[in-house]
Amino acid sequence: MENLVLNRLNEFRLSEKLSVNAFAQTIGISQTTVNNYFLGNRKLSLELITNTLTAFPSLSAEWLLRGEGNMYKS
């Protein structure tokens, strides 16, 4: 499940046309840490999820966490 959430998070980042650096700056986590999440060197954290959902209120938590519904809230 962890990999699925990280894959969806990366898919969202790409759909927003954000570099890893820009994404990291937007969510307030260092680029190195975000890279380590995406590379699988660091386990998924609540901080990553909550910071992302706070920074991007249009992102659907249901889609991110469970893969259900649309990526964006309607």
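The model is predicted, so local features need pLDDT of at least 70 and side-chain atom pairs count only at pLDDT 80 or more, while totals for chains, interfaces and linings use all residues. Residues are numbered from 1 along each chain as its sequence is written, and side-chain values use heavy atoms, with hydrogens and water left out.

Start with helix H2, residues 20-27. Helices here are DSSP runs of H or I with at least four residues, numbered from the N terminus. Val20, Phe23, Ala24 and Ile27 of H2 are buried, where buried means under 20% relative accessible area, exposed over 50%, and partly exposed in between (1.4 Å probe, protein chains only). They sit on the same side of H2, because they cover an arc of only 100° around the axis, taking the directions from the helix axis to the C-beta atoms. An α-helix has 3.6 residues a turn, so residues three or four places apart point the same way. The buried residues of H2 pack against helix H1 (2-15), helix H3 (31-39) and helix H4 (46-55), with contact meaning heavy atoms within 4.5 Å. After H2 comes Gly28, with a positive phi near 80°.

Now for the charged side chains. A salt bridge needs a side-chain nitrogen of Lys or Arg within 4 Å of a carboxyl oxygen of Asp or Glu, and the count comes to two. Glu62 and Arg66, four residues apart in helix H5 (residues 61-66), form one at 3.3 Å, N to O. Arg66 also pairs with Glu68, again with the closest N and O atoms 3.3 Å apart. These shared partners join Glu62, Arg66 and Glu68 into one network. Arg66 is exposed at 53%, whereas Glu62 is partly exposed at 34%, and Glu68 is partly exposed at 40%.

Note on methods. Helices (H or I, at least four residues) and strands (E, at least two) are DSSP runs, numbered from the N terminus.
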